[in-house]
Amino acid sequence: MTDASMTDAPFAGRPEAGIGDYFALLKPRVMTLVVFTALVGLVVAPVPVHPFLGFVVVLCIAVGGGASGALNMWWDADIDAIMRRTRNRPIPSGKTTPGDALALGLALSGFSVVVLFLAAGPLAAGLLAFTIFFYAVIYTMWLKRSTPQNIVIGGAAGAFPPMIGWAAATGDIAIESVLMFALTFMWTPPHFWALALFVKSDYGDAGVPMLTETHGRRSTRRHILAYTVLLVPVALGLGFTSIGGPIYLAVAAVLNLQFLAGAWQLFRRDETAAEADGYAAEKKVFKISLGYLFLHFGALLIEAALRPWGGSWQILSALFGA
Amino acid sequence: MTMQVEHELHHRRKGRNFGVGLLLVAFVGLIFGLTVVKTLNLGDIVDLERADRAFQPAETGTGADQ
């Protein structure tokens, strides 16, 4: 028996994943948005939460989001292998097996929901379970490959975390948490469609209907404008609830004006104009959309931080003597 | 004859096992912390019970007599 046969033979044919490959199954980049919005939902809620419980809640929401990512990779392994962007994911690159992703996804789903139930009660746990089900089954298995509105539906799953954070603190659903959900939900389509206008995707080769390909780029521009118009009242409306204030409203006014002006510009121009300047306007709108959500939730966080001093309305009126 | 099986895969497995071990320890810590926090919060319930008994002393007495 040679050294070579002793060392290699038992390991041939089966991928051996490292811990980093399992972590990659959880879509860590998506998780950052989930963690941030969930944290904001938890912090802005009117009921204070013990810091350790808050940590556990955010951890469970992050792990639940990661679990749905693993289930998504398990189901979509066939199309991930076709598309350039997803070709290096753990399953198509052969680092993990589809069975590993399924097992990890199911185990972490169970873990996150049960621990969230123990930490924060049935409503938050139920919402997290529904989010995982929605993303893995409704979006990934059912609608992603059957409708060009898939981005809209997928966006709903990404919009739940602040609502879960709020429910974990208050045990309730309120207008504030519904509007935080609506903000992320309405933001997702124009954000992704602006990207789709200037990045050449291969979703078509994988059989995933994208609006740019099924309805054309003209229609995509119309959709971007329509969703941005619908987004504005949601974003501004949040400013008049108990978690809003003048700082949030100022930030929202500037950002929504920018976003709306960009969407209007995209609507007005055609492909010839876009190609002429290398999709400059489309890239600009996408860039605005990147900061849009982060700054809105960041402003809510600032409003919550000022609450011990009476809130930003009171601070401003004290400063200006109103 | 000593048999030595050296493979890159063993290093990867070692890393994975170490990672799983750390995760299990973190899980134990998480549940322990959760238990401590939840138990400390029970203090409120004890206070509530005391207040309730202070307001209704006769009820407990009557129950014992019967």
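Reader: How far apart do the end C-alpha atoms of residues 55–75 of chain A lie?

Author: The model is a predicted one. Residues 55–75 are among the spans of chain A that UniProt lists, in an unreviewed entry, under "transmembrane region". The span is 100% helix and 0% strand. Its end C-alpha atoms lie apart by 30 Å.

Reader: What span would be expected for helix H6 of chain A at 1.5 Å a residue?

Author: Helix H6 covers residues 98–120 of chain A and has 23 residues. The expected span is 1.5 Å times one less than the number of residues. From its first C-alpha to its last, H6 reaches 32 Å, which is close to the expected 33 Å.

Reader: Which residue just after H6(A) takes a positive phi?

Author: Within H6(A), the buried residues include A:Leu116, A:Ala119 and A:Ala120. Just after this helix, a positive phi of about 100 degrees is found at A:Gly121.

Reader: What secondary structure is found in residues 20–40 of chain B?

Author: Chain B has two helices and zero strands. For residues 20–40 of chain B, an unreviewed UniProt entry gives "transmembrane region". The end C-alpha atoms of this span are 30 Å apart, and its composition is 0% strand and 100% helix.

Reader: Which helix gives the most residues to the nonpolar patch on the surface?

Author: The patch is formed by A:Ile19, B:Val20, B:Leu23 and B:Leu24, which together have about 360 Å² of accessible area. A:Ile19 is found in helix H2 (residues 19–24) of chain A, and it counts as partly exposed because its relative accessibility is 36%. The largest contribution, three residues, comes from chain B, from helix H1 (residues 8–55).

Reader: Why does the salt bridge of A:Arg145 and A:Asp76 tie together separate parts of chain A?

Author: The side chains of A:Arg145 and A:Asp76 meet at 2.8 Å, N to O. A:Arg145 lies in the loop between helices H7 (122–143) and H8 (150–170), and A:Asp76 in the loop between helices H4 (51–75) and H5 (77–80), so the pair joins parts of the chain whose separation in sequence is 69 residues.

Reader: What is the relative accessible area of A:Asp80?

Author: A:Asp80 and A:Arg89 meet through their side chains in a salt bridge of 3.2 Å, N to O. A:Arg89 is buried, with a relative accessible area of 17%. A:Asp80 is buried, at 2%.

Reader: Which residues are linked with A:Arg217 in a network of salt bridges?

Author: A:Arg217 forms a salt bridge with A:Glu271, their closest N and O atoms being 2.9 Å apart. This pair links helix H12 (residues 216–238), which holds A:Arg217, to helix H14 (residues 271–276), which holds A:Glu271, 54 residues apart. The network links A:Arg217 with A:Arg221, A:Arg269, A:Glu271, A:Asp277 and A:Glu282.

Technical notes
Residues numbered from 1 in each chain as written. Chains lettered and ligands numbered in written order. Predicted model: local features only at pLDDT ≥ 70, side-chain atom pairs only at ≥ 80, totals over all residues. Heavy atoms only, no water. Helix = DSSP H or I, 4+ residues; strand = E, 2+ residues; numbered from the N terminus. UniProt positions renumbered as here; feature names shortened; annotations may be inferred. Patch = residues over 30% accessible without salt bridge, like charges linked within 9 Å, V, L, I, M, F, W, Y side chains within 5 Å. Areas by Shrake-Rupley, 256 points an atom, 1.4 Å probe, with all protein chains shown as cover. Salt bridge = Lys/Arg side-chain N within 4 Å of Asp/Glu carboxyl O. Buried < 20%, exposed > 50% of the residue type's maximum accessible area, 1.4 Å probe, protein only.
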